[in-house]
Number of protein chains: 2
Amino acid sequence: LTEVEQIPIWRISEGEKKRVEDVIAREFPLTIILNNKELVTLLCTPAHLDYLAIGFLSSEGLLKSKDEIKKITLDDKRGVVRVETSEEIKQADEIIFKRLITSGCGRGASFYSAADVIGQKKIESKTTISANEILELTKDFQHRSNVFEKTGGVHSAALCDNKKILIFSEDIGRHNAIDKIFGQCLLQDVTTDGHIILTSGRVSSEILIKVAKRNIALLISKSAPTDVGVKLAGDLGITLVGFVRGKRMNVYTNDWRVVGHG
Amino acid sequence: LTEVEQIPIWRISEGEKKRVEDVIAREFPLTIILNNKELVTLLCTPAHLDYLAIGFLSSEGLLKSKDEIKKITLDDKRGVVRVETSEEIKQADEIIFKRLITSGCGRGASFYSAADVIGQKKIESKTTISANEILELTKDFQHRSNVFEKTGGVHSAALCDNKKILIFSEDIGRHNAIDKIFGQCLLQDVTTDGHIILTSGRVSSEILIKVAKRNIALLISKSAPTDVGVKLAGDLGITLVGFVRGKRMNVYTNDWRVVGHG
């Protein structure tokens, strides 16, 4: 499996047509089977598929810790990952499927009106960051976005502390890029507490809730948030920074965590 | 319902922090109920919700023509649109739901391995377009993208002929923006045959299949395609143009439809 593919294309530029080699992002269907039940098929970038599966299950509330995982079997020829978990989880089957069908579909979910948010505690972290640190992290983030540089077709996400990127991931889906990070955190016992998420993608309610569930107080995006993303960030105590470009950024909520700007 | 919302934010720029008014894209959950069965909840931009519902149903193969629609009832307070269709369609219920659950979830669908593509005929249209016409259409497309200009948070799509934009739409979801166009076409008896789709978004398999189903031979994107998008476009006889920026573009497949470039 490779993340990109090289193909011949025609490039038209200033009235000239030339045959050139181009690099495009691959799209791969990964079916996640939890305890012998087919859960969902994600279109994704074919790398770190185990992280994606575990991150997805965890984001959907179907997995809380590494200890619950009995076995992960990845068949990357057929695009199937099987995850087996401990007994207690199996019994949650019915609830799980109901939820995935009505609201888990990434094609749109009114998560924020559901149990997801009602059960979500306000994030009390006292973490702060300076505007300069945000600009430095974003610059490094941009440099690391290799697949995007090549193809223009993928999103990036990163887990950071104030000074450096700890985990970096890329995927054709902005949700997947973040789930891959959380999957890696869970499998490798990396805490998300007190850390920061960087994303290249827009911040809708779904992204905000994913991040809130990890107790992350700072979410920084190169793109725009939606109104619901902003409302949730405000309510849940998350500092949402968007449109970090050049030396500029927008702070939408809980601006007290961004210090030393003047 | 409005498409955007104005909110106060903090802008940090060159070391200064200022309170300013910003405009952000709204995010609205629309639940589609087909013949009294809840089908899906889409997160969308709250405008032209009837077009979105009808376009979605049509893209999913649940609606073929305007004549099949008995009633559309939109409750935009509760975010619900009810569509009632003629008898024959009701009987397809079981199949429909199975498909939506396993592959209709926009969070990823291996559509291209499913009946969708197997039943799809190759597009034989002899339509051509000049590189200059593509650049002119894209320029106009850019100008019309009002919500994007304001918020940076939405996608645009348009149905065009070689000379002008016929229908334009915007949505926080790139799938939705295209479905809104097709919904309007169906409700207003606008043919898609021989026409062109312009999109601001990436071209994945799902987008390609949506367009192929309408017998559209030319798909032009400002962004990148995935490898599966390119393969499907090649196989289905669609001319796929991407990365239209400045005076430059990439022609990925069926390049004979792009003429007069030199």
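B:Ser130 is buried, with a relative accessible area of 16%; buried here means under 20% relative accessible area, exposed over 50%, and partly exposed in between, with a 1.4 Å probe and protein chains only. The model is predicted, so local features need pLDDT of at least 70 and side-chain atom pairs count only at pLDDT 80 or more, while totals for chains, interfaces and linings use all residues. Residues are numbered from 1 along each chain as its sequence is written, chains are lettered from A and ligands numbered from 1 in the order in which they are written, and side-chain values use heavy atoms, with hydrogens and water left out.

Let me stay with that serine for a moment. B:Ser130 lies in strand β7 (residues 129-130) of chain B. Strands, of at least two residues (E), and helices, of at least four (H or I), are DSSP runs numbered from the N terminus. Leaving aside residues up to four places away in sequence, B:Ser130 touches B:Val259 and B:Gly260, where contact means heavy atoms within 4.5 Å. The C-alpha atoms of B:Ser130 and B:Thr45 are separated by 33 Å, and the two residues are 85 apart along the chain.

I turn now to the two copies. Chain A can be laid on chain B with an RMSD of 0.0 Å by a turn of 180° and a shift of 0.0 Å along the axis; the superposition is by least squares on the C-alpha atoms of residues with pLDDT of at least 70 in both. The copies are thus related as by a two-fold rotation axis. They meet through the same surface, because 100% of the interface residues of chain A are also interface residues in chain B.

Next, the sheet. Strands pair if DSSP finds at least two bridges between them.

Strand β8 (residues 155-160) of chain A pairs with β10(A) in the antiparallel sense over 4 bridges, and A:Thr199 is the bridge partner of A:Ala157. β10(A) runs parallel to strand β11 (residues 218-221) of chain A, joined by 4 bridges; A:Leu198 stands opposite A:Ile220.

Finally, the cysteines. A search of the whole structure finds 0 disulfides over all chains, a disulfide being a pair of cysteine sulfur atoms within 2.5 Å. For A:Cys160, the nearest cysteine sulfur, that of A:Cys185, is 11 Å away. A:Cys160 is buried at a relative accessible area of 0%, and A:Cys185 also counts as buried, at 4%.
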